[in-house]
Amino acid sequence: MKKTLLITGGAGFIGSHVIRLFVNKYPAYTIVNGDALTYAGNLENLADVKDRPNYIFEKVDITDENAVNALFEKYQFDGVIHLAAESHVDRSILDPLAFIRTNVLGTAVLLNAARKYWKDNMENKRFYHVSTDEVFGSLGEEGFFTEETAYDPRSPYSASKASSDHFVKAYYHTYHLPVVLSNCSNNYGSNHFPEKLIPLAIHNIKNNKPVPVYGKGENVRDWLFVEDHARAIDTIFHNGRLGETYNIGGFNEWKNIDLIRLLCQVMDRKLGREDGTSEKLITFVKDRAGHDLRYAIDATKLNKELGWAPSLQFEEGLEKTVDWYLANEEWLQHVTSGAYQQYYNEQYQQR
Ligand code: NAD
Ligand code: TYD
C-alpha cells in the first residue's frame, strides 16, 4: 500500500536506523526525513539510503509552526513517526530550555499540524510518538516499569519527554487524533553520538583517554540494541492499538561499572592489547545531579500483544557495536571535531 510518512529526527541515532528499515522494507512508501540537523543530526548516518527513490530529506525545525505546516501541505502525510528531540540528560542539566523548546513545543507543533491536516479524515492516519522509560523516574533495587507505572520524571530531559507524552495523550482524548506511543529503555549500537556512555567509552578507550564513570558506577540501565528498537517501532506503528502505550526493552540490566569493565575486555581483545590494559583508564568522577538509580522495563505487553522480542544477546550486540566504531574512524572524527570539544570540556573539566 502507498503511504507518505514523516519521520522526524531521522538524521539522529535511532531515527537513522528507523529510516533505513522503512526505506528498505517498504519501497511503496515515501519516507520524508524531517530534521533540523542539530549537533546530533548527521546525514552521514544515511549515506547508504540517500539516493533511494522513496527517500526525501527536508531540513525543518519542528518548533517552527509555519515550516511544519508547509511540510504537511506539501506532502499530505498519512503518518508521522516522531523521534526528533534533544536527547541527552547531561545537556538538559546545562540548558533545560532547549529541551522544553524542542521536546514540548516541537511535539505540540507537530500534533497541531496533524490535527489541522487530518481533521476531516482521520481514517488510516497515525501519529506515533517515540518516548523514553525515563519518564517513569527511578526504580529501587527491585521491580520494573510497566505501562501503568505513574510518571515521575526527575531530569529536565525526562520532564520534557513526560510533558510531550501527556500532550500526545491529550490530543487523543480531546481531538481523537489517532496516536500511539512507546517508551523505550537505553539504546546502543552504531551511529550513536559519543556523548552517551557506550560510544563515549569506546572513543576514549581507543584513544587511551580516561573513561569517566559517574559516582561509584552503581547505577543500572536496561540496554537494547538500536536495530531491535527500530523493529519494535515498525511493529507498533503498523499494529499497535490507537491510544495505547507500549514499553520496549530487552530485560537486559547492567550496572554501569560492570558494563564498562565488559567493554574494556572487548576493546582489549579487538585492539590486541594485553588483558586488563583498558580497565586502567576507568576514572570515577563526580556524580550527575539527580542521577536516576535504576531503569528496568517490563516489555511483556509488546511481546504478548504484538509478538516483538529482542533479536540478540547484549555481548553479541556490544561486539557488533565496537566493530562498527573501529571500522568507522572517519565518522567519529567528523562528529568529535568542532562543537563536540567545547561540550566535552564544559561537561568533564569540573568532575
Ligand atoms: P539523537 O539526539 O541522536 O537525535 C535527535 C535528532 O533530532 C537529531 O537528528 C537532531 O538533529 C533532531 N532534532 C533535534 N532538535 C530538532 C528540532 N527542533 N527540529 C527537528 N529536528 C530536531 O536522539 P536519539 O537517541 O536518536 O533519540 C531519538 C528519540 O528516541 C528521542 O525522542 C528520544 O527521546 C527517544 N529515545 C531515545 C533513547 C536512547 O537511548 N537514545 C531511548 C528511548 C527513547
Ligand atoms: P547516558 O548514556 O547518558 O544515558 P541516560 O542518562 O539517558 O541513561 O548514561 C548512561 C549511564 O551512564 C547513566 O547512569 C549515566 C552514566 N554515565 C557515566 O557514568 N559516565 C558518562 O560519561 C556518561 C555520559 C554517562
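Biologist: How far is Lys301 from the ring centre of Tyr246, whose face it lies over?
Modeller: Before the number, some ground rules: this is a predicted model, local features need pLDDT of at least 70 and side-chain atom pairs pLDDT 80 or more, while totals for chains, interfaces and linings use all residues. Residues are numbered from 1 along each chain as its sequence is written, chains are lettered from A and ligands numbered from 1 in the order in which they are written, and side-chain values use heavy atoms, leaving out hydrogens and water. A charge sits over a ring if NZ of Lys or CZ of Arg is within 6 Å of the ring centre and within 35 degrees of the ring normal. For Lys301 over the face of Tyr246, the distance is 4.6 Å.

Biologist: Which residue lies over the face of Tyr175?
Modeller: Tyr175 itself is partly exposed, at 32% relative accessible area (buried is under 20%, exposed over 50%, partly exposed in between, with a 1.4 Å probe and protein chains only). At 4.0 Å from its ring centre sits Arg115.

Biologist: Are the rings of Tyr171 and Tyr175 stacked or tilted?
Modeller: Rings of Phe, Tyr and Trp (its six-membered ring) pair if their centres lie within 6.5 Å; planes under 30 degrees apart are stacked, over 60 edge-to-face, the rest tilted. Both tyrosines sit in helix α5 (residues 156–175), four residues apart, about one turn (helices are DSSP runs of H or I, at least four residues, strands are E runs of at least two, both numbered from the N terminus). Tyr171 is buried at 10%. With centres 4.8 Å apart and planes at 55 degrees, the Tyr171–Tyr175 pair is tilted.

Biologist: How many aromatic pairs does the structure hold?
Modeller: There's also a cluster to look at: Tyr39, Phe193, Tyr214, Tyr340, Tyr344 and Tyr348 form one aromatic group. For the structure, the number of pairs is 24.

Biologist: In the open sheet β7-β9-β11, what is the average twist from one strand to the next?
Modeller: The pairing in this sheet is mixed, and the edge strands, each pairing on one side only, are β7 (186–188) and β11 (253–255). Going from one strand to the next, the average twist is 50 degrees.

Biologist: And which residue in β9 is the bridge partner of Asn187?
Modeller: β7 and β9 (residues 220–225) pair in the parallel sense over three bridges. Within β9, the partner of Asn187 is Leu224.

Notes. Two strands pair if DSSP finds at least two bridges between them. Axes are lines fitted to C-alpha atoms, for helices over the stretch in contact, and angles run from 0 to 180 degrees between N-to-C directions.
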